[in-house]
There are 2 protein chains.
Amino acid sequence: MKNMIIASTSTLAHQSYLEYLLPTLTKHFKDCSNILFISYARPGGITHEEYTAIVRLAFAKINITVKGIEEFENPVQAVQEASGIFTGGGNTFVLVSQLYKNNIVQPLADAIRKGTPYLGTSAGSNICGLSMQTTNDMPIVYPPSFKTLGMIPFNLNPHYLDPDTTSTHMGETRETRIKEFHAYNSVPVLGLREGSWLEVIGDKITLKGNLTARLFGQNQLPKELETETDLSYIK
Amino acid sequence: MKNMIIASTSTLAHQSYLEYLLPTLTKHFKDCSNILFISYARPGGITHEEYTAIVRLAFAKINITVKGIEEFENPVQAVQEASGIFTGGGNTFVLVSQLYKNNIVQPLADAIRKGTPYLGTSAGSNICGLSMQTTNDMPIVYPPSFKTLGMIPFNLNPHYLDPDTTSTHMGETRETRIKEFHAYNSVPVLGLREGSWLEVIGDKITLKGNLTARLFGQNQLPKELETETDLSYIK
């Protein structure tokens with residue numbers, strides 16, 4: 001039975017890494033003394049080891065030790081044997097490329113389905129949807145496919161950002177980009193604002209955090225969804 | 001001999017489509033009474049025909065007629081026989097997918113090399129670089145490759161946006177994204193702000209418009225380049 005926290009971001013402004021989620025993570029990982037960290041997305045091009053060190057520091061506060069996937073000779077086995085898994089943010093193209101390269105797309109999906117507690121933030125949340133096609137990231141590497149884990153029956157847009165009505169910049173707003181996605185794809189997209197997350201227990205998906213989330217459907221007007229809404233109907 | 005205008009954006013705030021470029025385009029397309037418009041990137045998912053109509057209206061002001069590539073049975077021949085070519089903005093993933101699908105990547109490069117006057121804006125400028133990997137667009141379709149025309153020996157980031165120092169949003173700044181690109185690629189990236197363009201005459205590349213542009217090199221500090229700078233040294 002799936003047991004997931006799928007968060008928009010790891011970090012809120014003026015807070016430390018994962019700070020706002022720690023009370024939730026204490027419960028989420030209550031049966032884990034150690035978790036596996038998938039460091040592949042390595043934000044800003046930092047090394048896997050540097051990234052794991054940041055995560056280790058945050059989880060030490062709730063007495064959980066962390067092992068980075070880069071420390072294992074066999075990443076498939078690492079995923080299969082993990083008692084909990086966290087995939088961090090960074091670049092989604094890099095993350096997805098590495099998941100395919102290391103053959104852990106299927107093992108990761110299997111581990112989540114059998115109930116291994118999972119946490120994703122940003123890119124690590126993006127991969128929980130049907131495809132990575134609503135990421136905000138730059139295509140700095142070419143992945144073998146845009147298909148992702150499909151642990152939820154829709155796509156996510158993490159770090160969802162409302163249009164800045166004061167801006168004179170002519171680049172597309174996030175809403176325009178998602179509308180463009182729907183010119184080619186019928187998959188619903190949930191815009192998750194920073195501070196929001198999804199709790200997935202089995203097939204039940206609930207919006208958490210203090211904010212509303214914005215749901216985009218093909219040929220539909222966007223809808224604002226209240227926190228604690230049961231999102232299991234979206235598909 | 002190449003003869004190109006590679007612009008960051010089609011439209012400046014509070015102006016009409018292509019307005020700021022029209023004096024430049026009058027000279028650039030002085031030998032053309034008709035140009036080919038490559039409408040593939042179709043912004044916001046509008047139809048090719050709708051897109052061509054917008055472009056037709058703008059070029060009518062300088063007495064140039066426009067035929068959209070969607071009006072031709074044979075797009076390869078349309079590119080080969082065009083007396084001038086404009087590729088408009090929209091989604092770079094869609095544009096590149098369509099260029100490959102219609103087999104016009106090579107014919108387009110050949111037409112530009114033999115001297116067909118070319119105008120690109122936004123996505124239509126992105127494809128002039130070595131790869132589309134520094135686009136800002138959402139990966140809404142999966143192109144067969146990220147490789148683009150290579151008409152200039154570096155990559156572009158159109159609609160370049162300086163960091164908003166007042167924002168509490170934790171998503172990556174444009175500079176952070178380009179830095180991530182350089183963790184995996186050695187190609188220089190030129191951040192072209194809205195209102196800037198490159199003039200390419202043969203192998204000479206000159207920065208035009210009123211603004212500076214920002215040059216990012218692997219393992220180098222970014223540099224601000226003045227307008228009218230000869231950029232032919234960048235590679």
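Modeller: A nonpolar core is a set of buried Ala, Val, Leu, Ile, Met, Phe, Trp, Tyr and Cys residues joined through side-chain atoms within 4.5 Å, where buried means under 20% relative accessible area, exposed over 50% and partly exposed in between, with a 1.4 Å probe and protein chains only. This is a predicted model, in which local features need pLDDT of at least 70 and side-chain atom pairs count only at pLDDT 80 or more, while totals for chains, interfaces and linings use all residues. Residues are numbered from 1 along each chain as its sequence is written, chains are lettered from A in the order in which they are written, and side-chain values use heavy atoms, without hydrogens and water.

Biologist: Which residues touch the most other members of the largest nonpolar core?

Modeller: In soluble globular proteins, nonpolar side chains tend to be buried together. Here the largest core holds 104 residues, and A:Leu198 and B:Leu198 touch the most other members. Apart from that core lies another, of 23 residues, among them A:Leu18 and A:Phe59. If contact is taken as heavy atoms within 4.5 Å, the partners of B:Leu198 beyond four places in sequence include B:Ile6, B:Phe154 and B:Leu231.

Biologist: What area is buried between chain B and chain A?

Modeller: Buried area is the accessible area (1.4 Å probe) that two parts lose on being put together, summed over both. Between chain B and chain A about 3800 Å² is buried, with carbon and sulfur atoms giving 59% of this area. B:Met138, B:Tyr142 and B:Tyr184 supply 20% of what chain B buries against chain A, more than any other three residues. The contact itself takes 47 residues from each of chain B and chain A.

Biologist: How many salt bridges does the rule find across the interface?

Modeller: A salt bridge is a side-chain nitrogen of Lys or Arg within 4 Å of a carboxyl oxygen of Asp or Glu. The rule finds 2 across the interface of chain B and chain A, and one salt bridge joins the side chains of B:Asp137 and A:Arg177 (3.5 Å, N to O).
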